[in-house]
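Here are my notes for your first pass through this model. Keep the structure open and look up each residue as you read.

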Amino acid sequence: MVDLWLRRARRNTLLGASMVVTCALAGCERVHDAASEPAAPPPAMSRVHPDLWPQLAPPVKDDAALTARLENLLQSLSVEEKVGQVVQADVGSVTADDVRKYRLGSVLNGGNSGPYGNDLAPPSEWLKAADEFYLASMDTRDGGHAIPIVWGSDAIHGNNNIVGATIFPHNIGLGAARNPELIRRIGEVTAAETRVSGQEWTFAPTLAVVQDVRWGRSYESYSERPEIVHEYARAMVLGLQGEPGSADFLKGRHVITTAKHWIGDGGTFEGRDQGDNRASEEDLRDIHAAGYTAAIDAGAQSVMASFSLWQGSKLHGHKGLLTDVLKGRFGFDGILVGDWNAHGQVDGCSNTSCAASINAGLDMFMAPDSWRGLYDSTLAQARSGEIPMARLDDAVRRILRVKLRAGLFEAGKPSSRPLAGEFKLLGAPEHRAVARQAVRESLVLLKNSQHVLPLKPSLNVLVAGDGADNIPKQSGGWSLTWQGTGITNANFPNGESIYSGIRQAVTAGGGRIALSPNGDYRNKPDVAIVVFGEEPYAEFQGDVDTLEYKPGNTTDLALLKKFRDAQIPVVAVFLSGRPMWVNPLLNASDAFVAAWLPGTEGGGVADVLFAKRDGSVAHDFKGKLSFSWPLTPDQVTATRGDAAPLFAFGFGLTYASDGELAALSEVVPPRSSHSASTREYFQAGRTSPGWNVAVAEGDAAHSTLATATGSTTNGVLKVSAIDRAAQEDARLLAWSGQGPATFLIERSDPIDLQREANGQLSLVFDYRVDAAPSADVTLGVECRGSGAARCAGSMPFAERLRSAPRGEWRQARVLLSCFQQSGADMRAITAPLTLSTAGTLQLGIANVRLDTGLQDAVICP
């Protein structure tokens with residue numbers, strides 16, 4: 001299939017461009033990397049040249065009867081019904097009655113939404129809700145047409161929203177397995193388990209070819225190389241959907257699939273989620289489109305547009321890429337669906353109004369909580385002609401076409417369809433066996449000094465580290481909850497932790513085993529296995545500034561050194577969603593295994609670490625790096641700078657390899673002076689790199705406080721150091737009441753917090769009220785307006801402070817979107833926290849940062 005894509009690309013490109021394609025798909029050592037280009041203002045417009053793109057011939061062909069049925073139905077619909085079909089609402093914000101009234105075409109469940117307000121609802125509740133939405137869509141008592149609704153869900157590594165489902169390794173681990181047939185089987189299992197709970201559409205696979213692993217979605221990518229993404233895209237689509245032309249294509253045990261996110265989200269500048277891909281058109285085609293050509297050739301029926309930009313233009317409004325390339329050159333005739341309110345980021349649009357996206361080629365808005373206002377505005381725009389009726393008809397035609405191809409009009413309610421309600425299939429033994437194989441084949445051995453591995457199962461084994469008996473941590477984001485947080489092992493009734501798998505292997509082998517997360521022991525073990533790594537995250541919340549593993553946190557390193565100093569052989573099992581700079585931990589380990597995010601089958605790790613009882617190899621290491629492993633913390637791509645990576649793409653030891661590794665440098669290069677954290681602002685009594693504490697009286701210029709202590713010119717506001725959990729780790733702000741004064745954490749160059757505001761992040765800080773405010777207090781942010789102008793957004797905060805108990809530390813959590821709604825431009829924030837009053841107030845403050853979630857957040861006044 002790669003060869004076919006290559007021939008098409010060569011046939012449809014100029015000579016110079018085809019040379020880039022040849023390099024990209026042949027696996028050349030150095031691939032152009034847009035993220036390594038110097039920072040420069042993106043162009044105002046981005047144009048594509050469709051003739052430079054491959055011309056595809058998708059394999060799904062409709063017969064005359066289906067085509068006639070489609071056209072007759074389309075022509076019979078009212079404009080209201082047509083608009084309903086192009087709007088998708090989240091199950092947390094829509095009811096069955098809403099679906100009946102507005103004739104909505106689709107619902108979805110977001111990462112933190114589930115039926116009846118419970119994202120951890122049992123699978124029977126998911127199926128019940130699916131029936132209710134379906135019956136509402138087919139109810140014609142109020143007139144109109146019965147058009148079955150379709151439910152989309154992010155089943156990205158198994159049916160990962162459902163308690164008890166099989167959760168596979170994330171894509172980065174699957175990429176290391178180099179096994180397309182296994183990928184196809186994973187797709188089949190995922191589709192079957194999705195059908196069990198009543199959904200028929202998955203927003204998978206992610207086909208990003210990640211070029212900068214600082215991106216928080218790197219673990220959703222199969223590889224930094226387009227040829228692997230191309231090969232896996234075909235396998236996964238066929239596994240999920242079935243073979244085009246077969247009787248069960250999109251039906252029975254299969255689901256509708258979504259190739260996402262079109263296009264270039266894996267190549268944004270500095271790896272920023274929802275950021276700007278500044279690649280040339282040739283690189284966009286040859287690197288970032290590789291998975292899409294394979295997916296469309298395999299019959300993918302849906303494509304999701306990206307939040308990101310290409311050369312400064314939002315993809316959700318880019319007609320050249322949405323219509324001219326995807327629908328024109330690629331011949332894609334399925335549903336082009338939006339991402340979570342991403343249409344609202346298009347110039348001139350909002351979450352509740354965006355004719356520009358539909359006119360650019362979007363077929364279905366993903367409008368989770370904005371659907372009602374969006375329906376009203378889209379209907380008005382269709383009636384006025386702002387959205388041409390031909391464009392609306394084209395969008396609806398595509399949606400109905402996929403529903404007809406999937407047999408939804410004849411399928412009956414979800415609970416009556418094949419596999420529905422067969423809850424024993426969730427985490428079924430045969431499905432778990434596929435996941436366990438995927439874990440075994442995804443593990444990459446980076447070091448094996450003195451052949452400490454494989455271990456004899458008869459040894460006295462100590463298992464340590466906070467990831468050892470922690471299924472949520474080993475599964476990562478998009479595991480029952482969006483971020484993969486707020487859950488425990490008990491939420492995975494069919495899962496097995498890494499420790500549990502090791503215990504089973506050692507017990508069966510006649511050895512002894514103990515679990516001690518902190519590494520304490522009474523009897524000296526023969527070997528220590530330490531399981532540690534990144535905490536779960538999803539999307540932009542996983543974006544990082546450096547690949548240094550947990551900067552400043554030495555807990556895991558100290559644990560490894562504890563065993564090394566006691567002359568106990570130590571095996572490190574590293575859980576991560578990307579390759580990271582872990583030189584000190586590599587040095588402190590005898591063996592080091594990159595386990596990625598293996599999902600619920602932790603026993604697959606033990607399968608490879610331990611030999612058979614007779615000492616022979618049970619399962620050798622097969623995994624090969626799908627991403628280069630960094631030599632330094634700032635080697636964020638395989639091609640950044642001139643130095644080779646520590647471990648090149650394709651590296652992976654076996655038990656026959658020489659596993660020795662020379663001592664590595666542990667020197668951390670100094671961070672750039674202009675680098676600023678976008679998530680942490682004031683921690684442990686110090687401002688984070690790039691930030692300053694400042695104060696101001698009235699409208700006077702801000703005065704920076706070099707040590708985060710001091711006062712305004714006339715002493716109206718004084719800032720002094722106080723202790724909270726450690727010496728001088730907090731600040732006391734004291735307003736005298738002699739006039740208005742402001743406390744700020746700021747920097748001169750603005751940062752972009754638009755994605756964080758859209759993603760429901762909150763400004764979080766700890767506070768202690770020593771003396772309640774005597775006047776109004778405003779909490780806000782400042783931003784850089786056009787030119788040198790300042791802008792701001794704020795909300796009243798005095799009542800919260802007055803109601804707080806005196807002298808007691810509490811936490812404030814305020815949605816960033818509140819500041820956006822009050823006027824702040826979140827794309828250009830210069831001060832993520834300001835506190836102002838003209839009265840008296842004594843307020844302690846500490847730990848200023850951004851954090852996730854709606855829990856306990858102040859809802860906008």
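1. Start with one term: a contact means heavy atoms within 4.5 Å. By that rule, and not counting residues up to four places away in sequence, H343 touches H316, C349, S350, N351, C354, S357, F365, M366, A367, S370 and L374. H343 sits in the loop between β10 (335-337) and α13 (355-360). Helices (H or I, at least four residues) and strands (E, at least two) are DSSP runs, numbered from the N terminus.

2. A word on the source. This is a predicted model, in which local features need pLDDT of at least 70 and side-chain atom pairs count only at pLDDT 80 or more, while totals for chains, interfaces and linings use all residues. Residues are numbered from 1 along each chain as its sequence is written, and side-chain values use heavy atoms, with hydrogens and water left out.

3. Is H343 buried or exposed? H343 counts as buried, because its relative accessibility is 1%. The cut-offs are these: buried is under 20% relative accessible area, exposed is over 50%, and partly exposed is in between (1.4 Å probe, protein chains only).

4. Now go to L833, in strand β30 (residues 829-837). L833 has a relative accessible area of 0%, so it is buried. Which residues does L833 touch, not counting residues up to four places away in sequence? They are F743, L744, I745, L763, F765, L779, G780, I845 and V848. E181 is another matter: L833 and E181 are 51 Å apart in space, C-alpha to C-alpha, and 652 residues apart in sequence.

5. Look at helix α11 (residues 290-297). Why is α11 called largely enclosed by the rest of the structure? Because 8 of its 8 residues are buried. They are A290, G291, Y292, T293, A294, A295, I296 and D297. Just after α11 comes G299, with a positive phi of about 100°.

6. Helix α12 (residues 319-329) has its own buried residues: G320, L321, L322, V325, L326, K327 and R329.

7. Find the open sheet of 3 strands. Its order is β6-β8-β9, with mixed pairing. The edge strands, β6 (276-277) and β9 (313-314), each pair on one side only. Two strands pair if DSSP finds at least two bridges between them. Strands β6 and β8 (residues 309-310) run parallel and are joined by 2 bridges. Opposite N277 stands W310 in β8.

8. Next, a helix pair. Two packed helices are described by the angle between their axes and the distance between the axes. Helix α8 (residues 180-196) packs with helix α16 (residues 429-442) at about 145°, and their axes are 10 Å apart. Axes are lines fitted to C-alpha atoms, for helices over the stretch in contact, and angles run from 0 to 180 degrees between N-to-C directions.

9. Which residues meet between α8 and α16? From α8 come L182, R185, I186, V189 and E193; from α16 come H431, V434, Q437, A438 and E441. The residues of this contact divide into 5 nonpolar, 2 polar and 3 charged. Here Ala, Val, Leu, Ile, Met, Phe, Trp, Tyr, Cys and Pro count as nonpolar, Asp, Glu, Lys and Arg as charged, and the others, Gly among them, as polar.

10. The structure holds 50 salt bridges. A salt bridge is a side-chain nitrogen of Lys or Arg within 4 Å of a carboxyl oxygen of Asp or Glu. One of them joins E188 and R185 (3.3 Å, N to O). Both lie in α8, 3 residues apart, about one turn of the helix. E188 is partly exposed at 27% relative accessibility, and R185 is partly exposed at 31%.

11. Another salt bridge links the side chains of E71 and R397 (2.7 Å, N to O). E71 is in helix α3 (residues 64-76) and R397 in helix α15 (residues 389-405), so the pair ties together parts that are 326 residues apart in sequence. E71 counts as partly exposed, at 26% relative accessibility.

12. Last, R440 and D607 meet in a salt bridge (3.0 Å, N to O). Both R440 and D607 are buried. Salt bridges that share partners also join K327, D363, R391, D394 and R398 into one network.
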